[in-house]
Amino acid sequence: MRNKKTTRESEIKTSKLMMPNDANFAGHVHGGVILELIDQVAYICAVRHSESYCVTAAIDRVDFKMPINVGELVHFDARIIYVGRTSMDIKIEISAEDMKTKKIKHTNTCYVTKVAVDESMNPREVPELVVETEEDKKLWQDAVKRREFHKQG
Ligand SMILES: CC(C)(COP(=O)(O)OP(=O)(O)OC[C@H]1O[C@@H](n2cnc3c(N)ncnc32)[C@H](O)[C@@H]1OP(=O)(O)O)[C@@H](O)C(=O)NCCC(=O)NCCS
């Protein structure tokens with residue numbers, strides 16, 4: 001029988017200060033910097049859940065709603081919202097804080113699919129996800145719809 005874990009056992013909240021070397025030619029933070037951090041945060045969630053090495057199968061569309069500036073503190077709030085047999089969908093909320101004014105702006109919501117793999121890079125089974133709250137149920141259902149949408153191509 002498969003082991004079971006809650007989303008709270010793998011969720012992560014972390015922050016990163018944006019430095020001058022993170023900037024693009026316009027002086028805002030380079031989109032690639034944020035994408036790399038999104039992938040890292042998703043990796044942490046996936047490894048915590050699966051206790052296994054994981055690879056990125058997909059990153060859902062990432063909309064950059066507003067620029068992030070050098071000197072801002074970027075917050076990542078990530079949690080697993082759906083688990084298949086070997087794959088896990090992670091939702092990541094991203095916001096940027098102006099550290100002087102403490103004003104926080106929401107900049108992105110992003111979904112990453114990670115797959116747990118064994119030493120031969122073959123997908124391996126992961127624990128089931130315990131869906132506890134109404135919010136967990138809603139996020140699970142949304143993830144199923146998102147997967148069906150992507151399957152249709
Ligand atoms: C991801 C990968 C391990 C899947 O291997 P595979 O042989 O295609 O395995 P399967 O078809 O059995 O899929 C395994 C799981 O991944 C999921 N999956 C595969 N591709 C996916 C995609 N594009 N989006 C969402 N889920 C995907 C499947 O739905 C399945 O999930 P489930 O077991 O929970 O039902 C393989 O494609 C791979 O190694 N890709 C490269 C990963 C990588 O290098 N990423 C970094 C890129 S720089």
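Predicted model: local features only at pLDDT ≥ 70, side-chain atom pairs only at ≥ 80, totals over all residues.
The elements of the fold can be read next: the protein chain has 2 helices and 7 strands, and along the sequence they follow the pattern β-β-α-β-β-β-β-β-α. The protein chain is as compact as a globular protein of its length, because its radius of gyration is 16 Å, close to the 15 Å that the globule rule gives for 153 residues. Taken along the principal axes, the box that the C-alpha atoms of the protein chain fill is roughly 50 × 35 × 30 Å, and 29% of the 153 residues count as buried.

From the chain as a whole we turn to the ligand, which is surrounded by 13 residues, the closest being Ala58, Gly84, Arg85, Thr86 and Ser87. Strand 3, at residues 54-59, and strand 6, at residues 104-116, are the elements that give two or more residues to this shell, and the largest share, 4 residues, comes from strand 3. Sorted by class, the shell around the ligand holds 7 nonpolar residues, 5 polar residues and 1 charged residue.

Methods:
Residues numbered from 1 in each chain as written. Rg over C-alpha atoms; globule rule 2.2 N^0.38 Å. Buried ≥ 20, exposed ≤ 12 C-beta atoms within 10 Å, placed from the backbone. Near = placed C-beta within 6 Å. Nonpolar A, V, L, I, M, F, W, Y, C, P; charged D, E, K, R; others polar.
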